[in-house]
Amino acid sequence: MVKANVISISDFLATRDDVYDLLIHSGLERETALKIAWKIQRGRSIDDRLEEFLYEHKVSKLAVLLWLGDGYLWPRSDAIAYMQMFCRLVYYRIHYRDIFEMCMDNIISK
């Protein structure tokens, strides 16, 4: 969607925290926003009543449509932890290639 210029990267909702922030900025109370964000994060369907409630609070139609068909959303802390691990793996693969490949071979062979 970003590559197709449908949305910008700053509007992309990738984590539960992004959903929560959007709902807070749309004027929802913190407790209500958190309950909705948890529901969306766990991949539960948005019912018609909740969809109407979100539109009443001026949540963008695109965001609601994404939530209707989206699955699991990561908590931001988990997403950051996985990216940090990815960066470490890439670093070791580039700078310590022989040791990295030996370790990977040991892991795969088990």
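**Exercise 1.** Leaving aside its neighbours within four places in sequence, which residues is D17 in contact with?

*Solution.* Keep in mind that this is a predicted model. Start by finding D17: it sits in helix α1. Now skip everything within four places of D17 in sequence, and you're left with contacts to P75 and R76. Next, take P75: although 58 residues along the chain lie between the two positions, the C-alpha atoms of D17 and P75 are separated by 6.4 Å. Last, check the surface: D17 has a relative accessible area of 25%, so it counts as partly exposed.

**Exercise 2.** Work out what span helix α2 should have, and check it against the model.

*Solution.* Helix α2 covers residues 30-41, which is 12 residues. Using 1.5 Å a residue, the helix should span 16 Å. The C-alpha atoms at its ends are 16 Å apart, so the two agree.

**Exercise 3.** Sort out which residues of α2 are buried and which exposed residues its opposite face carries.

*Solution.* Buried means under 20% relative accessible area.

**Exercise 4.** Find the residues with the most contacts inside the largest nonpolar core, and the element that gives the largest share.

*Solution.* This core has 15 residues, and L23, I36, L54, V59 and W67 have the most contacts inside it. Helix α2 supplies the largest share, 4 residues. Look at W67 too: beyond four places in sequence, its contacts include L23, I40 and L54.

Notes: Residues are numbered from 1 along each chain as its sequence is written. This is a predicted model: local features need pLDDT of at least 70, side-chain atom pairs count only at pLDDT 80 or more; totals for chains, interfaces and linings use all residues. Side-chain values use heavy atoms; hydrogens and water are left out. Helices (H or I, at least four residues) and strands (E, at least two) are DSSP runs, numbered from the N terminus. The expected span of a helix is 1.5 Å times one less than its number of residues. Buried means under 20% relative accessible area, exposed over 50%, partly exposed in between (1.4 Å probe, protein chains only). A nonpolar core is a set of buried Ala, Val, Leu, Ile, Met, Phe, Trp, Tyr and Cys residues joined through side-chain atoms within 4.5 Å. Contact means heavy atoms within 4.5 Å.
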